[in-house]
Structures are given as C-alpha cells and as structure tokens.
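Open the structure in your viewer and keep the selection tool at hand. The stops below follow one another.

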Amino acid sequence: MPITVTAPEGVLTGAGEHEILPRLSAALIEASGATGNSFFSAIVGGTVHILPSRHIYAGGTNRPVVMVELKLPNIGLGSIEARQAFITTAAGIVAELCAPGHKPENTWINIVNAPDGGWGIGDRQFTGDALIAAATAAAH
C-alpha cells in the first residue's frame, strides 16, 4: 500500500525526511487495525520526494505544501472513522517533522482507492476478498 510524500526542500527537517515514511506506515497499519499482521505490514511502503520549492504549487501559486498520498485497495481504511484516524495522525506526524513555521493548511492528505481487483503485487492480482484472506491467514 504505497504512501507517497512530496515536500519542498527545507520544509521537512533532515530527520523528518528519514522518519516520515516509517511513521506514516505505522499510522496506516494501526488505523487499519493490522498492527502485528506480517502480511499487511509487508505490503505497506512508499517513497519520499523532496523537490525544489519552486516546483510545488497550490491554488495556482508557489506554496510550501507537503502532500501525503495513500493508495489503497478499495477495502483499505473502509470506514469514515478509520480514514479520519489516519488523516489526523498523518497531519500530526507531518507537523512534528517539519521545520518551524509550517502551517497546517499546507499539509494535504489524500486517500485514493483502487477498484476491486485493481490491486496487485508482482503478477498477482488481489481482490478485496483475497487481501482479507491473506491478512487473516497471517494473523493466525
């Protein structure tokens, strides 16, 4: 379940650039109720993109926005409450890992869902039911 963080240079602290993805991954696993599930944990990962500040825009103007995009199968964070828990935690993580002066309105968090069967690892397609079965088997 890829997490993509895009931030302008200098907005995340040096430590923040290294800590943000592991902390967001842990937040997703917890909000999903999958803490300790080896299958689920193994399929959470992502990338951190640090761009020159001149390449980050919001509202048509150059702005220091940190974007967190989470791509999930359609069963991921399946309730409003689970999505809210992730968004709240993710916003807090970004705030902690940014240089002083980063404004909350410059943190954007987006959850994108793939349609059923639109999720794959290697050449294996997973439906929502297949993902649930794999995660359930790993929990036992």
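**A tour by selection**

Start with Glu96, which is exposed at 54% relative accessibility (exposed means over 50% relative accessible area, buried under 20%, partly exposed in between, with a 1.4 Å probe and protein chains only). This is a predicted model, in which local features need pLDDT of at least 70 and side-chain atom pairs count only at pLDDT 80 or more, while totals for chains, interfaces and linings use all residues. Residues are numbered from 1 along each chain as its sequence is written, and side-chain values use heavy atoms, leaving out hydrogens and water.

Glu96 and Arg23 form a salt bridge, with their closest N and O atoms 2.7 Å apart (a side-chain nitrogen of Lys or Arg within 4 Å of a carboxyl oxygen of Asp or Glu). Glu96 lies in helix α3 (residues 80-97) and Arg23 in helix α1, so the pair ties together parts that are 73 residues apart in sequence. Helices (H or I, at least four residues) and strands (E, at least two) are DSSP runs, numbered from the N terminus.

Next select Glu19, whose side chain meets that of Arg23 in a salt bridge (4.0 Å, N to O). Both residues lie in α1 (residues 14-31), 4 residues apart.

Move to Glu69 and Lys71, a salt bridge at 3.1 Å between the closest N and O atoms. Thr4, in strand β1 (residues 2-8), touches residues including Glu69 and Lys71 (contact means heavy atoms within 4.5 Å). Thr4 is buried, at 17% relative accessible area.

Finish at helix α4 (residues 128-139). Its buried residues are Gly128, Leu131, Ala134 and Ala135. On the other side of α4, Asp129 and Ala137 are exposed.

Note on methods
The expected span of a helix is 1.5 Å times one less than its number of residues. Lists of a residue's contacts leave out its neighbours within four places in sequence.
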